[in-house]
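Please work through the exercises below with the sequence and the model side by side, and try each task before reading its solution.

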Amino acid sequence: MRKLAMSAASVSLAVGALGLAMAPAATAATPCPSGAVCIRETNGSILSKNIFYSYGAHNLSNVTGDRVIVNNQTGGAGFQFCYGYNGTGGCSVVMRGVGESAPYNMTPINSVVLVR
């Protein structure tokens, strides 16, 4: 388990900027299914373990380095990152923009939470 020392406020500030970077993708190596949040591998592919459909916390495994996040949820649903497992340990603001993010360092992130 990783030791994490950032406060929820600094997580919010550090990760919150990601929401501003969300924009529709011009071309994508592997499409993210409709209704899902996906994390791209560094080669542009999306592993099935990194496709999330259900609301709530999803723990991450071996997701490190800079990754592109794709929010392809419908109905204005969003997501947030958390430093701890199970949606704990300080979480980012909820990001609701549909499309792809700029590359984001996922190394300290241990879970992603999908929200309505």
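The model is predicted, so local features need pLDDT of at least 70 and side-chain atom pairs count only at pLDDT 80 or more, while totals for chains, interfaces and linings use all residues. Residues are numbered from 1 along each chain as its sequence is written, and side-chain values use heavy atoms, with hydrogens and water left out.

**Exercise 1. Disulfides**

Find the disulfides, and state which cysteines are joined and in which pattern.

Solution. Begin with the criterion, which is a pair of cysteine sulfur atoms within 2.5 Å; by this criterion the structure holds 2 disulfides. One of them joins Cys-32 to Cys-38, with an S to S distance of 2.1 Å, and with 80° about the S-S bond this link is right-handed. The other is formed by Cys-82 and Cys-91, whose sulfur atoms lie 2.0 Å apart, and because the torsion about its S-S bond is about 105°, this disulfide is right-handed. When the bonded cysteines are counted along the chain, the pattern reads 1-2, 3-4.

Next, consider accessibility, where buried means under 20% relative accessible area, exposed means over 50%, and partly exposed lies in between (1.4 Å probe, protein chains only). Cys-32 is buried because its relative accessible area is 9%, and Cys-38 is buried with a value of 0%. Cys-82, at 0% relative accessibility, likewise counts as buried.

**Exercise 2. Aromatic pairs**

Classify the 2 aromatic pairs by their geometry.

Solution. A pair of aromatic rings is described by the distance of the centres and the angle of the planes. Rings of Phe, Tyr and Trp (its six-membered ring) pair if their centres lie within 6.5 Å, and planes under 30 degrees apart count as stacked, over 60 as edge-to-face and the rest as tilted. The structure holds 2 such pairs. The rings of Phe-79 and Phe-81 have centres 5.5 Å apart and planes at 70°, so this pair is edge-to-face. The rings of Phe-81 and Tyr-104 have centres 5.6 Å apart and planes at 5°, so this pair is stacked. The latter pair links distant parts of the chain, with Phe-81 in strand β6 and Tyr-104 in strand β8 (residues 104-105), 23 residues apart. Phe-79, Phe-81 and Tyr-104 form one aromatic cluster. Tyr-104 counts as buried at 13% relative accessibility.

**Exercise 3. Nonpolar cores**

Which residues of the largest nonpolar core touch the most other members?

Solution. A nonpolar core is a set of buried Ala, Val, Leu, Ile, Met, Phe, Trp, Tyr and Cys residues joined through side-chain atoms within 4.5 Å. Of the 15 residues in the largest core, Leu-60, Phe-79, Phe-81 and Met-106 touch the most other members. The elements that give two or more residues to this core are β1 (37-40), β6 (78-82) and β9 (111-115). A second, separate core has 6 residues, among them Cys-32, Ala-36, Ile-46 and Val-68.

**Exercise 4. Positive phi**

Where are Asn-62 and Asn-86 placed?

Solution. Most residues other than glycine have a negative phi. Asn-62, however, has a positive phi near 55°; its place is in the loop between β3 and β4 (66-67), and Asn-62 is exposed, with a relative accessible area of 64%. Asn-86 has a positive phi of about 60° although it is not a glycine; its place is in the loop between β6 and β7 (99-100), and at 54% relative accessibility Asn-86 counts as exposed.

Methods: Helices (H or I, at least four residues) and strands (E, at least two) are DSSP runs, numbered from the N terminus.
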